[in-house]
Amino acid sequence: MNPTDLQALLEALTHRGVLVELGTLAGCLGGAWALTWLLRGRQPRAPGVWFGDHLVDGVLLPALALAAVLTARWALHSSGVLVRPALLQLAVPILASLLIIRVGVRVLQVAFPRSELVGVAERTLSWVVWIGLVLWLTGALPLLLGEMEDIRWKVGGSSVTLRSLVEGGLSTVVVMVLVLWLSSAIETRLLSGATEPGFGGNLSLRKIAANATRALLLLVGLLLSLSAAGIPLAALSVFGGALGVGIGFGLQKLAANYVSGFVILAERSLRIGDVVKVDNFEGRITDINTRFTVVRALNGRESIVPNEMLITQRVENLSLSDPRVVLSSLVQVPYGTDIDALIPRLVEVVRAVPRVLAEPGPAVQLTSFAADGLELTVSYWIGDPENGFGGARSDVNRALLRTLQTLHIDIPFPQRVVQVQAAPGAEAAAQLLQQPAQPVPPPAPSQPAVPQPAALQAPVLAAVPAAMAQTQPPGMAS
């Protein structure tokens with residue numbers, strides 16, 4: 001649009017016919033809003049490209065509004081009511097810009113639902129589109145494109161202009177958005193109805209088909225966008241060689257994880273919903289991506305397991321060919337219990353627990369003659385290991401305890417007899433401790449030592465061995 005057209009458009013907005021256009025535009029917007037509300041329904045649905053979280057978030061509302069405005073402008077011009085509907089002509093590029101923004105944003109949100117870069121891409125796309133609209137309405141866009149055409153430089157043996165690069169980038173964005181939209185639609189269609197019989201019931205085949213389709217479409221879209229940008233495909237041979245060298249040296253693990261992901265999905269050794277144990281982590285597989293597998297434990301923790309680990313290491317799959325899992329509980333009964341009458345009663349009680357399977361049924365075996373009683377092993381099967389083992393085992397143990405209490409059978413507990421023997425001389429020591437303490441006489445006043453004559457000391461020294469001989473016990477005499 002040149003400045004002359006813009007001036008004529010602004011002058012047309014001052015005529016009386018603008019009221020007719022204003023009413024027509026309001027009717028088109030109201031009709032588009034009502035039709036979108038009817039198609040969306042009152043029930044909440046999963047966000048997609050056509051319908052967003054709210055009524056105005058999807059692509060359907062601006063698309064219907066643009067179609068209604070184009071139809072109304074053509075009808076007013078053909079009927080001769082208005083020679084040049086200025087307001088409707090101005091509304092068309094605005095609604096087209098809004099449609100471009102909503103398409104790009106919704107496709108990115110559906111293709112990358114958990115990425116934080118979607119918000120940044122939304123704001124960037126909005127600024128680019130609205131600035132481009134303002135430049136086109138004011139007539140500055142052709143001048144800007146002419147200036148960008150004059151900026152050129154040499155890349156290898158070809159000349160590249162700034163305009164060609166910008167147009168190639170915009171073409172790349174458009175092609176990639178369309179490819180992502182198509183791949184998201186195909187993936188949604190493939191993954192819907194996973195419980196249907198036949199192909200629909202095999203979620204792993206649907207997942208590998210969705211991943212392969214997305215990879216193929218992205219490759220085709222990349223080639224098309226490079227061609228639109230003016231880059232010859234023959235130049236990719238150097239890039240392909242560099243990529244091969246990178247995979248051979250630094251990207252071995254990454255390439256191995258991607259290949260392992262397709263192998264897992266193709267051979268169906270691990271499927272979404274299986275209960276597995278890998279690297280001492282047990283849980284249910286919630287998603288299998290091309291690079292990693294998500295395993296969610298019953299406590300809510302999630303483990304990101306590289307696909308190569310699932311191929312090269314030992315993995316326990318509790319539900320590969322049969323989801324049924326056997327559990328066991330131990331219980332002891334006293335010696336003398338009528339085991340032949342008790343075992344059928346316990347089998348019937350365990351069979352009545354909700355999660356216990358009737359086929360194969362529970363069984364009770366006398367497994368050990370323990371020190372405190374007879375040890376019974378109660379074995380039973382469950383068919384939903386993804387719900388955990390603790391709840392089923394607790395229900396069975398409670399049922400066993402109630403049954404034993406009803407039959408007045410006590411569960412034996414360890415009993416030990418401790419004998420205490422008195423040590424030799426303990427009774428005499430106890431009697432001695434029970435006697436009252438005798439008062440200690442005060443010591444006699446010290447007397448000065450008087451030297452004794454040698455004649456008096458000799459009889460005393462001679463009497464000492466005789467006294468010692470009389471005090472020795474029998475058998476100790478020398």
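Biologist: Hi! What volume does the second largest pocket have?

Modeller: The second largest pocket comes to about 990 Å³. A pocket here is an open set of points on a 1 Å grid over the protein atoms alone, where a 1.4 Å probe fits, with protein on both sides within 12 Å along at least five of seven lines. Points are joined across faces, edges and corners, and the volume is the space filled by probe spheres set on them. Bear in mind that this is a predicted model: local features need pLDDT of at least 70 and side-chain atom pairs pLDDT 80 or more, while totals for chains, interfaces and linings use all residues. Numbering starts from 1 along each chain as its sequence is written, and side-chain values use heavy atoms, without hydrogens or water.

Biologist: And how many residues line that second largest pocket?

Modeller: There are 30 lining residues (an atom within 4 Å of a point). Nearest the centre lie I100, L125, V128, V129 and L170. Two or more residues come from each of α4 (86-111), α5 (117-138), α6 (140-150) and α7 (162-191). Helices are DSSP runs of H or I with at least four residues, strands are E runs of at least two, and both are numbered from the N terminus.

Biologist: Which element gives the most to that lining?

Modeller: α5 does, with eleven residues. By class, the lining has 24 nonpolar, four polar and two charged residues.

Biologist: Changing topic: in what order do the three strands of the open sheet come?

Modeller: The order is β8-β10-β9, with antiparallel pairing; strands pair if DSSP finds at least two bridges between them. β8 (325-333) and β9 (363-369) are the edge strands, each pairing on one side only. β9 and β10 (374-382) share six bridges, and L366 stands opposite L376 in β10.

Biologist: Which helix lies across β8, β9 and β10?

Modeller: Helix α12 (339-351) does, at about 25 degrees to β10. Helix α13 (390-406) also packs on the sheet, touching β8 and β10, and makes about 30 degrees with β8. Angles run from 0 to 180 degrees between N-to-C directions of lines fitted to C-alpha atoms, for helices over the stretch in contact.

Biologist: What about V364, buried or exposed?

Modeller: V364, found in β9, counts as buried because its relative accessibility is 11%, and buried means under 20% with a 1.4 Å probe, protein chains only.

Biologist: Which residues is V364 in contact with, leaving aside neighbours within four places in sequence?

Modeller: V364 touches I343, L346, V347, L376, T377 and V378, contact being heavy atoms within 4.5 Å. V364 and S329, 35 residues apart in sequence, are 9.5 Å apart C-alpha to C-alpha.

Definitions and conventions:
Ala, Val, Leu, Ile, Met, Phe, Trp, Tyr, Cys and Pro count as nonpolar, Asp, Glu, Lys and Arg as charged, and the others, Gly among them, as polar. Buried means under 20% relative accessible area, exposed over 50%, partly exposed in between (1.4 Å probe, protein chains only).
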